[in-house]
Amino acid sequence: MRTKLPWLALAAVTIILPVALGTAPLDVVRYAAYILYAVVVPGTLLYRTIRPTPRSLLEDLTYGTVVGLLAETAALVVASLLDVRGLLWVWPLLVIVPLARRHLRGPAYPLRPSAGWSWAVAGVAVGFLAYLTAAFLAVNPPVPTGGAHEYMIDQLNLLAVSADLKHHFPLAVPEQGDQTLGYHWFAYGHLAASSLISGVDLPVLWFRLDLPVLAVLTVCLLAVTGWRVARHPWAGPVAAALMFTVGELVPQRQAPAFFGSITAYYSWSSRSLLFGAALSMPLIAAVATVLSKGTRRDWLLVLLFATGTTGAKSTIVPLVGAGVAVLCAVHLLQRRPQWTPWLLGSVLAAVEVGAVAVLYGFQGQGLRWGPFAIMLDFVGSQRHGTTVRDVPVILLGAGAYAIAMGARLAGVVGLGRRWGDTEIFLAGTTAAGVTGTLCVWHVSWSEHFFIVAAWPCAAILSAAGLVRLPWSPLALRHALTVAAAVAAASVVLRLPHWYRWSVPLPVYALGALVLAAALLVGRRHGRFAALVVVLAAGAARLPFDAVTSANLGVAYHVRVTPDQVAGARWLRAHSTPAQYVATNVHRVGGGLQGGQSLAYWISAYSERRVLLGSWGYSPESTGSQSRAHRLGPALAYWDPARLALNDAAVLDPTPARLGWLWDQRVRWILLDRAQGTPTAALPALTDLAWQRGDIAVYRLRATSNCTPVSCSDSVQSR
């Protein structure tokens, strides 16, 4: 019972949290039932069928949950292609019925976590949940009710992607009609399946229920994987703490954007990040097992998890493959080549090529060669990048970057000469992530995602070295006390920066303070205590971020009113997914993003495709901005004639213009008078169906040449 208590407490916190935030208890019960029935149980049964040997119950449950997520994705694709989404709830029975009798009861596991280990992992998970609650969950209602709310633009765009997958396949740009979108969509397919099976509203899943469960799963997965890969039980909790508790070594008030982040902001800004991190943990474990003479089933797991990870986050498999390539290079230098790494690299390369062809349609996603483009906030030119003249400033900034991001790698010192193939693979993957971030340019700063994707490997590697050093409770207590004092100092540390040369200096100052504190503690308590000071000195990052930058402040947000959401949700209730929507809403209103085409609230809350809404996140926008080497979304639409025809049909309709809309499968017009006033022809030629404030919904009348099928409101089930 002592070992079960931490997990029961963690489950209670995860369940109580959304209720405390105002979620209907019935929604919590339905979602919990869905997770158990449609993800955990069938996934665990499948994993027990595939894995070669049992290790621990926690591994079976966590890795099995990942298998359940992948199986759910496959079931969603099949149900969508067969147009039987209403039967998606049946798929778990196809696994549970034949496998339950054989695998539901677990074997006698050789590994059993201690009570202390379990409490440590549960503590990291609860701390991570506390950060997510303060920084995101508590400040974002699923729908605005008491007044307008500022939502981060990415949240509504990705919610719209989930809504599109709930009703359509393959995925399209939600506000660009049926234009195919090559994207890592598995996280959003999971949300679509969650809503279809549980019946819970998508915004409730997005802003309340799914993120806490995914966060707890990812923490537990890293703890299990750290134990397994590092072959030391406490490497797991330490790795989880380095990933989800300790932040970058940066003075909080002086942190330039180029220092990036592993946990703050990136843990909630894009659901694919945590989802991809969760799926990458079993892949790391499977690769490490294969490198140490795994069985055929281990190879099967590598193939399964690599294939699943390509659709979870596009940056993961290339980095894992690069880590394997580094291992191959080391073997060649040591003149002891082995076939296993080369075969493993070939498998990963084949999986990646398949993903580029099938999932991404050979699209480049706007990535370009751009050395040190991540530092363009303070060096070089946003348009032309960096030049040879910028090298001194780049070196200064790169040193600060190494201090900020590399402090949590200090535990590697404890490895000494214990460098086997697994450690080389982890280090190679980490180095590839850093290299990708420093050498690639992207229109929306997505080069950060390379180092984020590699960080689980970095955390495991650092933890593996730290836990192998001799330690004592007294040394740990003193080290944590000093680390807390240094972390507090990072909050109050202020150094003025006059121009670009002085931007990195606060990081050097904090780094010097941490080094002095580590040497002072290390003289008395040894290397272990010194490393703990360095590793934990950035622990103020998450609390500071939650207090000062919840929801990323007001930058990069769109103001959504209750009237807008009410109109979109009315449209969802009275239309079918086959019916498209035309609108005059293309751009964000006022604020910092005024004029940008990033208004995705219609498709996010209506779950309907918009013929021509916002275009800022479309492949054409990314491609054109990449070719022009400009940051951010395209301000101008690339087909002005089509845009003009759309707006004329909405604001100044004629029978011919409305006929054009009808031919495009448009059956509804959602009008926002704040962005344009229609002529009297609109109410004369269409039927006003709903109106509140500036928002009005009009229904198109059937044209004389429509067929019975095209005039029907029941082309697809709602």
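User: In this predicted model, which residues line the second largest cavity, and which helix gives the most to that lining?

Analyst: The lining of the second largest cavity consists of Arg-55, Ser-56, Leu-58, Glu-59, Leu-111, Pro-113, Trp-117, Val-224, Trp-227 and Arg-228. With three residues, the element that gives the most is helix 8.

User: How does the lining of the second largest cavity divide by class, and what volume does this cavity have?

Analyst: Six nonpolar residues, one polar residue and three charged residues make up the lining of the second largest cavity. The space in this cavity is about 90 Å³.

User: How many cavities of 30 Å³ or more are counted, and how much space lies in the largest cavity?

Analyst: The count of cavities of 30 Å³ or more comes to five. For the largest cavity, the space is about 160 Å³.

User: Which helix gives the most residues to the lining of the largest cavity?

Analyst: The largest cavity has 18 lining residues, and those nearest its centre are Met-243, Leu-273, Leu-274, Ala-277 and Val-452. Two or more lining residues come from each of helix 9 (235-244), helix 10 (271-291) and helix 16 (448-466). By class, the lining comprises twelve nonpolar, five polar and one charged residues. The most, five residues, come from helix 10.

User: What is the volume of the second largest pocket, and which helix gives the most to its lining?

Analyst: The second largest pocket has a volume of about 1300 Å³. Among its 37 lining residues, Trp-7, Ala-11, Val-40, Leu-58 and Leu-61 are the closest to its centre. Helix 1 (5-20), helix 2 (25-50), helix 3 (57-81) and helix 8 (202-230) are the elements giving two or more residues to this lining. The most, eight residues, come from helix 8.

User: How many charged residues are in the lining of the second largest pocket?

Analyst: The lining of the second largest pocket contains 28 nonpolar and six polar residues. The charged residues in this lining number three.

User: Is helix 17 roughly parallel or antiparallel to helix 18, and why?

Analyst: Helix 17 (residues 473-492) and helix 18 (residues 505-525) pack with their axes 10 Å apart, at an angle of about 165°. Angles over 145 degrees count as roughly antiparallel. Therefore helix 17 is, relative to helix 18, roughly antiparallel.

User: What is the handedness of the crossing of helix 17 and helix 18?

Analyst: At this contact, residues of helix 17 including Leu-474, His-478 and Val-486 meet residues of helix 18, among them Leu-510, Val-514 and His-525. The contact residues divide into eleven nonpolar, three polar and no charged. The crossing of helix 17 and helix 18 is right-handed.

Definitions and conventions:
Residues are numbered from 1 along each chain as its sequence is written. This is a predicted model: local features need pLDDT of at least 70, side-chain atom pairs count only at pLDDT 80 or more; totals for chains, interfaces and linings use all residues. Side-chain values use heavy atoms; hydrogens and water are left out. Axes are lines fitted to C-alpha atoms, for helices over the stretch in contact, and angles run from 0 to 180 degrees between N-to-C directions. Helices (H or I, at least four residues) and strands (E, at least two) are DSSP runs, numbered from the N terminus. Angles under 35 degrees count as roughly parallel, over 145 as roughly antiparallel, 65 to 115 as roughly perpendicular and the rest as oblique. A crossing is left-handed if the near helix is turned anticlockwise from the far one by less than a right angle, and right-handed if clockwise. Contact means heavy atoms within 4.5 Å. Ala, Val, Leu, Ile, Met, Phe, Trp, Tyr, Cys and Pro count as nonpolar, Asp, Glu, Lys and Arg as charged, and the others, Gly among them, as polar. On a 1 Å grid over the protein atoms alone, a cavity is a set of points where a 1.4 Å probe fits but cannot get out, and a pocket is an open set with protein on both sides within 12 Å along at least five of seven lines; lining residues have an atom within 4 Å of a point. Grid points are joined across faces, edges and corners, and a volume is the space filled by probe spheres set on the points.
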